[in-house]
Amino acid sequence: MKPKLFTHNFTFLILGQISSLIGNYTLKFALSMYVLEQTGSASIFAGLLALALLPTILLSPFGGILADRANRRNIMVALDTLSGLSVLIASFAMALGQDIFVIGALLIILSVLGAFESPTVQACVPQMLSGDNIVKGNAIVNQVASIASLVTPFLGSVFYTAFGIRPVFYAAVVCFFVTALLECFIRLDYKKPEQKMGISAIIKEDFSVSMHFLHREQPGIMKLLLLAAAVSLFVAGTAVVGFPYLVRTVLGLSATHYGIAESAMGVASVLGSLCVVVLAKKLRVRHLAIVFVSFGICLIPCGIAFLLPVSAFPRYLILLIMFCACQLGCSLFSTYAISIIQERTPDHLMGKVMSYVFTLSMCAQPIGQIVYGALFDQFVGSAYWVLIPSGFIVCLIGLASTGFFTKFEKQASTLVEKETI
């Protein structure tokens with residue numbers, strides 16, 4: 001009998017993620033509008049977001065340790081309850097004045113809680129599912145996040161414009177509490193550790209065990225993590241920083257053009273996850289090298305567009321098509337790579353390894369943004385000097401990784417054969 005994808009546990013996990021992400025993303029979008037309205041400065045909110053990102057990067061490994069040491073269901077329930085309480089307290093604190101300080105503190109608190117929740121959610125998927133359903137499950141989790149990022153800007157703008165900031169806070173509180181309630185219905189096996197250890201001893205032992213696993217037992221996973229971080233670096237640099245800069249500043253097009261492009265890339269991200277679901281049985285590890293090379297191939301026409309004697313709109317269309325293709329490939333790459341890592345990681349290390357995935361990705365994003373921000377400023381009138389070389393570099397990395405992906409796939413096949421015998 002074919003294993004069921006939407007099991008009791010996985011269904012409640014997805015429903016909880018839908019509620020949590022809608023509340024979280026809608027709140028953050030409304031906060032961005034509120035800060036811009038109150039201060040007139042985009043840099044202030046950008047600074048708040050950058051500050052809030054640090055706890056996520058620094059604390060994610062500890063979130064992985066917690067996910068492997070405690071009941072994962074209870075962790076998720078506690079974290080979403082704390083998120084709801086934090087937003088509720090912040091809504092009352094806003095009435096006392098110092099709005100920007102309260103918003104900054106709230107973003108940091110939500111970032112801290114997110115650092116512990118993300119590895120836990122990712123560690124739950126392979127515990128709930130098996131076989132090809134792990135790949136499909138990760139794809140669905142990714143699709144939920146992508147769809148939420150598409151819907152929530154509209155929800156945030158409508159709620160904020162119609163009712164103001166306070167009702168948005170209350171709606172987010174309801175979403176977090178509903179998530180916690182849904183997660184109460186999840187049932188996961190959990191065995192309490194026999195030995196009781198101090199916190200410092202636990203951190204030291206878990207870090208040592210996980211590093212031994214990544215460096216000695218499964219060095220391929222560490223290399224795959226680094227390649228995934230490289231994807232995150234180039235995508236964050238070219239798509240997150242470069243694309244809006246090229247559309248708004250270099251081409252001089254309207255915010256509407258950029259908004260349409262953002263929505264299109266969101267749809268491409270959903271389609272990338274959908275491709276993983278549809279092609280779950282046909283996808284192989286070696287195919288990731290092809291996806292990596294495709295990133296570079298897409299960047300080259302973007303650079304060539306700025307060498308052609310055409311107007312701004314044809315260049316915009318080329319950028320739109322190529323960056324959507326990049327977004328689709330990035331979604332496919334990250335979803336399938338995470339599934340591969342989960343399949344080769346034992347359950348008692350799942351949370352820690354997933355936290356390293358999250359941390360490396362989060363570290364790569366600001367690096368890519370800073371590097372490409374400086375590059376696009378330097379070559380403001382000749383963006384092709386940034387895009388074309390970047391495309392060739394990514395292609396070379398992808399081609400160089402072909403041997404690694406082929407070897408990694410053979411090792412996985414050998415491991416399956418040994419387990420079968």
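Predicted model: local features only at pLDDT ≥ 70, side-chain atom pairs only at ≥ 80, totals over all residues.

Me: Is Leu274 buried, partly exposed or exposed?

Reply: Buried would need under 20% relative accessible area and exposed over 50%. Leu274 has a relative accessible area of 39%, so it falls in between: partly exposed.

Me: Which residues form a nonpolar patch on the surface with Leu274, and what is their accessible area together?

Reply: The patch takes in Val267, Leu271, Val278 and Leu279 along with Leu274. Together their accessible area is about 400 Å².

Me: Which residue forms a salt bridge with Arg72 at 3.1 Å?

Reply: Arg72 also meets Asp68 in a salt bridge, but there the N to O distance is 3.0 Å. At 3.1 Å between the closest N and O atoms, the partner is Asp347.

Me: How many residues apart in sequence are the parts that Asp347 and Arg72 tie together?

Reply: Asp347 forms a salt bridge with Arg72. Asp347 sits in the loop between helix H11 (312-343) and helix H12 (350-378), while Arg72 belongs to helix H3 (residues 72-94), so the parts they tie together are apart in sequence by 275 residues.

Me: Glu409 and Arg286 meet in a salt bridge too. Which of the two counts as buried?

Reply: Their N to O distance is 2.4 Å. Arg286 has a relative accessible area of 40%, so it is partly exposed. With buried meaning under 20%, the 16% relative accessibility puts the label on Glu409.

Terms used
Residues numbered from 1 in each chain as written. Heavy atoms only, no water. Patch = residues over 30% accessible without salt bridge, like charges linked within 9 Å, V, L, I, M, F, W, Y side chains within 5 Å. Areas by Shrake-Rupley, 256 points an atom, 1.4 Å probe, with all protein chains shown as cover. Salt bridge = Lys/Arg side-chain N within 4 Å of Asp/Glu carboxyl O. Buried < 20%, exposed > 50% of the residue type's maximum accessible area, 1.4 Å probe, protein only. Helix = DSSP H or I, 4+ residues; strand = E, 2+ residues; numbered from the N terminus.
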